[in-house]
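Please open the model in your viewer and keep the selection tool at hand. The tour goes from one selection to the next and says what is found at each stop.

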Amino acid sequence: MSSDGVVLEMNDPHQLVPAAARDDVHLSQIGHSEVPRFAALYRTIWAPLGGGGREAWTVADWRSELAQPGTEAWIATLGGHNVGMAQIGWTGQGDAGFTVIGVIPSRQGEGIGGDLLTRLTRHLWEHPAPNGRATHRVWLWTLPDEHPHTIPNYLARGFQRGPDLVG
């Protein structure tokens, strides 16, 4: 995988182009006790891609990360099986975004990622940061060659190329 990432953003909630709803996919925010499940799901998703930078994290590392103010972790299930996950958050300055989002390899290409992205993008727009500040921008950073569906899915949902991160 390349190391040159791309920033994609939305500056208005009306930019969101919803994916087809997957009513059979259940999405739930996880609590402290479910962090080991979240960590294992992360490894399942990113190991085939050569890791995503957090494959060596311990459960304690994940607990520390997910305990940060304005951070939420979500798991998508289908028929009682984990199929996707995401970490999202708010800066408290009007920005909100995706730290990580993914679908297990055996379920990619079924519309689960688009539905997950749609639901959580909507959630970021509809809920203020813990300090009460409204969301004015939803963004993410991704690698262009991470998966063939990645950038096309984001663009299809209404995200547009944003300013690349420097340094």
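This is a predicted model: local features need pLDDT of at least 70, side-chain atom pairs count only at pLDDT 80 or more; totals for chains, interfaces and linings use all residues.

Residues are numbered from 1 along each chain as its sequence is written, and side-chain values use heavy atoms, with hydrogens and water left out.

Select helix 1 (residues 35-46) and helix 2 (residues 59-66), whose axes come within 9 Å and cross at roughly 105°. Helix 1 is therefore roughly perpendicular to helix 2 (angles of 65 to 115 degrees count as such). Show side chains next: Val35, Pro36, Phe38, Ala39 and Tyr42 of helix 1 meet Val59, Trp62, Arg63 and Leu66 of helix 2, contact meaning heavy atoms within 4.5 Å. These residues divide into eight nonpolar, no polar and one charged.

Now select Phe38, Met85, Phe98, Leu120 and Phe159, which touch the most other members of the largest nonpolar core, a set of 44 residues; such a core joins buried Ala, Val, Leu, Ile, Met, Phe, Trp, Tyr and Cys residues through side-chain atoms within 4.5 Å, buried being under 20% relative accessible area with a 1.4 Å probe, protein chains only. Helix 1 gives the most to this core, with seven residues.

Centre on Phe98, whose contacts, not counting residues up to four places away in sequence, include Leu120, Phe159 and Trp139. Move on to Trp139, which lies in strand 6 (residues 137-142). Trp139 counts as partly exposed because its relative accessibility is 24%, the class between buried and exposed, the latter being over 50%.

Note on methods
Axes are lines fitted to C-alpha atoms, for helices over the stretch in contact, and angles run from 0 to 180 degrees between N-to-C directions. Helices (H or I, at least four residues) and strands (E, at least two) are DSSP runs, numbered from the N terminus. Angles under 35 degrees count as roughly parallel, over 145 as roughly antiparallel, 65 to 115 as roughly perpendicular and the rest as oblique. Ala, Val, Leu, Ile, Met, Phe, Trp, Tyr, Cys and Pro count as nonpolar, Asp, Glu, Lys and Arg as charged, and the others, Gly among them, as polar.
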